[in-house]
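Hi,

Here is the structure I promised to pass on. Have a look at it first, and then read on for what turned up.

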Amino acid sequence: MENIRDIILTEVALRDGSHAVAHQYTVEQVLNIAKGLNAANVPYIEVTHGDGLAGSSLQYGFSRTNELELIEAAVSVCDTSKIAVLLLPGIGTVKELKQAANLGVKMARVATHVTEADVSAQHIDAAKNLGLETVGFLMMSHMAPVAKLIEQAKLMESFGADIVYMVDSAGALLPHQVTERIKTLKEHVGVEIGFHGHNNLSLAMGNTLAAIEAGATRIDGSIRCLGAGAGNTQTEVLVAVLDRLGIQTGVDLYKMIDLAENIVAPILPKPQEITKDSLVLGYAGVYSSFLLHAQRAAKKYDIDSRDILIELGRRKVVGGQEDMIVDVAAEIAQKRQASIAY
């Protein structure tokens, strides 16, 4: 297949999709998926714990397999695709970044909350010094006004990022909001602009198309929609839609469909769909990876998980504050008991 690409895709099922399988990927699963993505000519494949390098922990969820083994496995079967990693400063460190680079990783995606780009300087610089293509990843972008988003994107650009992503971590943005933000980023930032969407309001595909129309050239997708919350923009569907629009991805559609159907689908604990909780994630503007944590807390305290998510949204809780989920659940349960007693 000719490597003509109007849009450069990054497949995130082996990172964001880790949330959907409770971080239980095996080496064999990663080998099979990465091999299939490489055969389909997918440019980049992101591989880490769902919360990035060093994310395996009590707070974020323990991985079944050491992520360095998963990264090494993916690298071993890819001669076309490049392996990327996600790093959240404060979780992952430069040490893990160097380990990943030594295993053959080619891209580092340094992720911060949309208002905290300043903490990415050290890690972006380290990634550049390691010879990695470097991405600034502005998460929960719906929580900042456009002017703040531009300010933070320009910070990441000044640190040396080759690409800056607007990340709809909660799946809360509407298409017109995506258009406004991407268009303004294109006008004020000199590097390539990317978009990463979640499907909690059933808008991942629509938002992705809006981003592309507004000028984004780097796009994330997840095969079989495998990702946190209701999942991400479904890669194989996106490839088909973009082909219908005459937009070249260089990705083999049939191979992606077969991989999704025969290899990825059997791994899913349940189909990725918009459930009551994932819908509320988007409605309340809550980080998509909070889904499983909120469901576990709701079961523990015998309360409605939606009440937890709505309260988290009201408090504007962000990634890294997972410990608050249990606190909020306990407070809701206490208030319910008090009202019953009264």
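Predicted model: local features only at pLDDT ≥ 70, side-chain atom pairs only at ≥ 80, totals over all residues.

I'll begin with the pockets. The second largest pocket has a volume of about 210 Å³. Its lining is made up of 15 residues, and Leu88, Pro89, His113, Glu116 and Gly319 are the ones nearest its centre. Strand E4 (residues 107-113) contributes the most to that lining, with three residues. By class, the lining of this second largest pocket has nine nonpolar residues, five polar and one charged.

The largest pocket holds about 260 Å³ of space. Around it are 18 lining residues, with Ala20, Gly229, Lys270, Gln272 and Leu291 nearest the centre. Two elements give two or more residues to this lining, namely helix H1 (17-20) and helix H12 (290-301). H12 provides the largest share, three residues. The lining of the largest pocket splits into seven nonpolar, nine polar and two charged residues.

Rolling a probe the size of a water molecule over the atoms shows where empty space is left. In this structure there are two cavities of 30 Å³ or more. The largest cavity has a volume of about 110 Å³, and 14 residues line it, of which Arg15, Asp16, Ser169, His198 and Tyr287 lie nearest its centre. Six of its lining residues are nonpolar, six are polar and two are charged.

The second largest cavity comes to about 50 Å³. You can find it by picking out Ser18, His23, Tyr25, Thr48, His49, Ser63, Thr65 and Leu70, which line it. That lining has two nonpolar and six polar residues, and no charged ones.

Arginine 15 deserves a look of its own. It sits in the loop between strand E1 (8-11) and H1. Is arginine 15 buried or exposed? Its relative accessible area is 5%, and since buried means under 20%, arginine 15 counts as buried. A polar atom of its side chain lies 2.9 Å from the backbone oxygen of glycine 50. Leaving aside residues up to four places away in sequence, arginine 15 touches Glu46, Val47, Thr48, His49, Gly50, Leu86, Phe137 and His196.

A disulfide is a covalent bond between the sulfur atoms of two cysteines. How many disulfides does the model have? The count comes to zero. Cysteine 78 is buried, with a relative accessible area of 15%, and cysteine 225 is buried as well, at 7%.

Last, helix H8 (residues 204-214). Eight of its eleven residues are buried, so H8 is largely enclosed by the rest of the structure. The buried ones are Ala204, Met205, Asn207, Thr208, Ala210, Ala211, Ile212 and Ala214. What lies over them? The cover for the buried residues of H8 includes helix H7 (175-188), strand E7 (192-196), strand E8 (218-221) and helix H9 (235-244). Just after H8 comes glycine 215, which takes a positive phi of about 125 degrees.

Cheers

Definitions and conventions: Residues numbered from 1 in each chain as written. Heavy atoms only, no water. 1 Å grid on protein atoms, 1.4 Å probe; cavity = no way out; pocket = protein on both sides within 12 Å on 5 of 7 lines; lining within 4 Å. Points joined across faces, edges and corners; volume = space filled by probe spheres on them. Helix = DSSP H or I, 4+ residues; strand = E, 2+ residues; numbered from the N terminus. Nonpolar A, V, L, I, M, F, W, Y, C, P; charged D, E, K, R; others polar. Disulfide = S-S within 2.5 Å. Buried < 20%, exposed > 50% of the residue type's maximum accessible area, 1.4 Å probe, protein only. Polar contact = N/O pair within 3.5 Å; in protein donor to acceptor, adjacent residues only side chain to side chain. Contact = heavy atoms within 4.5 Å.
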